[in-house]
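Please look over the model below before reading on.

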Amino acid sequence: MLEFRGLNDKHEYHVLSVQDDPLSAIQMAIEKKDIELVIMGTKGASNYENKLFGSNTINVMENLRSSPILGIPLGARLIRIKEIVFPTSFRTHYKRRELVHLVEIAQSQDANICVLHVNDHPELSMEQEENKQLLEECLEGASFSLHHICSTYVM
């Protein structure tokens, strides 16, 4: 393992070379190194024009529950962040410690967090309403807005 510090002494960077599937390797590294945030560069194996994230990144985002994931799309440039999209089904019981980095990034960039709920119907269950309220409390101190999009597809 290669360890180094960048320009910011508050951060440590670890480079690992592991022969395993990405999800298992990341889970092992989080447990061994007590990692707080996983940052993944992504382009996908096929690099389709209309695909923002590759299948490995999507798999990790959907199945990793021990650490927040920050996906960086291929070709992303370092500029001032104006908006952060936070997709949700409101089926997750949020914890403030899981969202602290998101809030810090939004505050440091003066960016709005666009909470995007994608579902077939706009009504939320009681559990979803409670999780939505908890998310709003966790995002306190950051600028955020709530949006709903009905998912539709054509076969």
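The briefing starts with the chain as a whole and then turns to local features.

This is a predicted model, in which local features need pLDDT of at least 70, side-chain atom pairs count only at pLDDT 80 or more, and totals for chains, interfaces and linings use all residues. Residues are numbered from 1 along each chain as its sequence is written, and side-chain values use heavy atoms, with hydrogens and water left out.

**Chain overview**

- The chain has 4 helices and 7 strands, taken as DSSP runs numbered from the N terminus (helices: H or I, at least four residues; strands: E, at least two).
- Along the sequence these elements follow the pattern β-β-α-β-α-β-β-α-β-α-β.
- The chain has 155 residues, of which 25% count as buried; buried means under 20% relative accessible area, exposed over 50%, and partly exposed in between (1.4 Å probe, protein chains only).
- Among contacts between residues at least 6 apart in sequence, 70% join residues at least 24 apart, where contact means heavy atoms within 4.5 Å.

**Helices α3 and α4**

- The axes of α3 (residues 96–109) and α4 (residues 126–138) cross at roughly 50° and come within 9 Å; axes are lines fitted to C-alpha atoms, for helices over the stretch in contact, with angles from 0 to 180 degrees between N-to-C directions.
- The two helices, α3 and α4, are therefore oblique to each other (under 35 degrees is roughly parallel, over 145 roughly antiparallel, 65 to 115 roughly perpendicular, and the rest oblique).
- On the α3 side the contact is made by Arg 96, Leu 99 and Val 103, and on the α4 side by Leu 135, Glu 137 and Cys 138.
- By class, this contact of α3 with α4 has 4 nonpolar, no polar and 2 charged residues (nonpolar: Ala, Val, Leu, Ile, Met, Phe, Trp, Tyr, Cys and Pro; charged: Asp, Glu, Lys and Arg; polar: the others, Gly among them).

**Cysteines**

- The structure holds 0 disulfides, a disulfide being a pair of cysteine sulfur atoms within 2.5 Å.
- Cys 138 counts as buried because its relative accessibility is 5%.
- Cys 114 also counts as buried, at 9% relative accessibility.

**Positive phi values**

- Most residues other than glycine have a negative phi.
- Phe 90 has a positive phi near 60° and sits in the loop between β5 (83–88) and α3.
- With a relative accessible area of 4%, Phe 90 is buried.
- Asp 110 has a positive phi near 55° and lies in the loop between α3 and β6 (112–119).
- Asp 110 is exposed, with a relative accessible area of 67%.
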